[in-house]
Amino acid sequence: MNKGCCLKLFIILLYSLIIFGADFDPMITNVYETETNDRTIATVITTDCSLDRTKGPFKLDGNDVVFKYGSGYPTLNYSKTPSYELCVTCGTGTTTSSCLEVDVHPNSPPVFQDWPIKTLTLKAVDTGEDESVYTVQATDPDSTDNLVYELIDIPTDYKDYFTLDETTGEIKTAIDLKYATVDTIPIKVNVSDGKNEVGPMTVVVRLTDLNPRPVFTNLPANVTIPEDAEAGDTIITLTFNDANIVDRTNFDPVCSVFPNSESYKFNYDTTSSKLKLVAVPDGDTLLDYESTNFYNISCVVNDGYLDSEGAYINLFVENINEAPTFNKDLYTCNLYESEAGVSNCDLPITITDEEGQSYNTILLSGNNSERFRLDQNTNKLTFNTNYDVDENAMPETVVVTVAAVDSRGKTGTSKIQINVRDVNDNDPDFGLNSQQSISVGADTGLGILGSVTADDIDSDNNGEVTYTLAGGSVSALAYVNVLNTGEIMYTNKYDYSLAGQTHYLEVLAKDKGSPQRTSTATVAVQFQTTTTTTTAPTGNQNIQVINNSGTSGSSSSSSNSGTSSSSSSSVLDDSTNVALLATLLSLLALAGLAGLLCCCCRGGCFSGGGGNSLCDCECFKKKTVKEEYHRRIRLQPRRVEQPKAIEPPPKTEIVEEVEEIERPQQYIVEEVLEEPRVMTSNSYGYTSSTVPYYNHAYNGYYY
């Protein structure tokens, strides 16, 4: 080929390169496999070009070839595809094409500046919260990478001491280092560019002048305390210290108790630094070995930053023999006066001994306790002696002490209030006044003549006595009555035909107890024969007691003032002689009447026993209803103090001068409100027949 031909061929080739080889600018470019942002990597010079998109994460945007990252595009991976060839086709008729070479560069890891370790020294007591202590630095050859820092493998003891800024790598304190309790703190940091993570780099922080914890100098400790320790007693005095503390205002321990339910029993005194049993108003004990015999008490003191550690007390409760206890402080027992062992009460006593020991129940001496006895098996309390409260012989209210003594001699006590109630066990007692006499003269004024009195040594209603007329002769009842106060009332002027006679009244004294008790007294009413001049009585007349010898003694009473004169110096002027003579004549009259009655009933006397005579026995055979009533009354037992028999006086010449006076029959009289008492002829010369009585309202006798 000649030179002209070769030159011509070279010119044609050069022209082609000019036309088709300049389609890309540049023709070769680079991308990094860690790229994550879209960017233009080349420009197509010609127009109307298209790019084969099937090759890599690239796109033709106008005349720009763009690297694309994200959904729909494959990621770059140097190990799989280190290079891409991008070809474009241009032209509308005759087409031409050109290719671009894209080389993938692998990612370079970050590099720490102070790799692999950095040591720092800090003074703990001078380093506060949020202070910068160090900044971790790293570089990345791939300038487009963003670096991220991270703390790793942080121990729990100092996890919260420091913080790390993940963007800048700055390390700051998270707390005041006075809270720090360790002197060497390794901080491990990793850095990542998104593709590669490098590390860890270690930053060692050495702390000096650590804040020391406060300490108890006498804890832990084991303490033993008796269960009978009194409230307010000291358990232990706490001693504690902190060398760095300045303000001790709130430098006080706080203690917790196990079991927590009994923490109320303990208290810490900040003034004396003593742990004590809580003081209670009544000074009672708080501990009980039988319920809780061990406590664990933990105490903590804080200097403002750190708590003390390992401070506790093992509190052991010592068992002490305790006195038995009663279920009540005071028991009440109601008794009635009685003989020993009769009246009793059941006491609701329950005794508890914490140690389960046996015990004896006794009454302690003193305050009349010897008069009572307590059965510890049945808890019955009764009299130890015959007990009588009448006339204050023994107290009605007694408070005794009951004691329970265990087998070791420990004694618990309680009180028993014993109320002894009176029993109606005494009759009203007339004493020497059970037989009395009273004189009524012609000039005696109507009114109170005197009174009878019976004493009842029982108390209250049992000893309150009232009086009533229980019986007596008609002659006396017509003129004399007895009030419920025991006063003898002269109600009507007596018939002078009774002068020189003595008639009898029976007075019943009864108390208000239940059952009611009674007694009787006899009053002899002497109707005098002498005429005296006196004023009407305003007080009591002389009431005389008839004794066994037939004489009478004067009981103390008041009489009306005035003068009196006797019309005769005869022995009959003496009312006592008249009474004795009247009694003797009455007995003789009764004896004659009895003989006459016997004669009639045997058929003798006036008609020889035939009927319809004065002594006709048929009249004696008829019994009235009232006689039957009194017959039954006589059969009923009753307690009556019988008056002493009146001895007839010796015969004297005076008796011979007095005309024989037949004593009228005397009857048992019935009051409206009281049943009559029948008196036999053997006692007072009364006869037993139909009983008439005199009613003042109707001025007549009733049968």
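How many disulfides does a search of the whole structure find? In this predicted model, the search returns four. A disulfide is a covalent bond between the sulfur atoms of two cysteines.

The link between Cys49 and Cys90 has an S to S distance of 1.8 Å. It is right-handed, with 105° about the S-S bond. Cys49 belongs to strand E4 (residues 49-51) and Cys90 to strand E7 (residues 83-90), so this pair ties together parts that lie 41 residues apart in sequence. Cys49 has a relative accessible area of 18% and is therefore buried. Cys90 is buried as well, with a value of 4%.

Strand E7 also holds Cys87, whose partner Cys99 sits in strand E8 (residues 96-105), so the parts tied together here are twelve residues apart in sequence. The sulfur atoms of Cys87 and Cys99 are 1.8 Å apart, and the link is right-handed, with 95° about the S-S bond.

Strand E28 (residues 330-336) contributes Cys333 and strand E29 (residues 344-346) contributes Cys345, so the pair ties together parts twelve residues apart in sequence. Cys333 and Cys345 are both buried.

Attention now turns to the space inside the protein. Rolling a probe the size of a water molecule over the atoms shows where empty space is left. The count comes to three cavities of 30 Å³ or more. The second largest cavity holds about 80 Å³ of space, and its lining includes Leu151, Ile152, Tyr158, Phe162 and Ile187. Two elements, strand E13 (148-152) and strand E16 (184-192), each give two or more residues to this lining. The largest share, four residues, comes from E16. By class, the lining has nine nonpolar and two charged residues, with no polar ones; Lys159 and Lys188 are among the lining residues.

Finally, Gly304 is found in the loop that runs between strand E25 (294-300) and strand E26 (312-318). With a relative accessible area of 45%, Gly304 is partly exposed. Its C-alpha atom is separated by 8.5 Å from that of Ile245, a residue 59 positions away along the chain.

Note on methods: Residues numbered from 1 in each chain as written. Predicted model: local features only at pLDDT ≥ 70, side-chain atom pairs only at ≥ 80, totals over all residues. Heavy atoms only, no water. Buried < 20%, exposed > 50% of the residue type's maximum accessible area, 1.4 Å probe, protein only. 1 Å grid on protein atoms, 1.4 Å probe; cavity = no way out; pocket = protein on both sides within 12 Å on 5 of 7 lines; lining within 4 Å. Points joined across faces, edges and corners; volume = space filled by probe spheres on them. Nonpolar A, V, L, I, M, F, W, Y, C, P; charged D, E, K, R; others polar. Disulfide = S-S within 2.5 Å.
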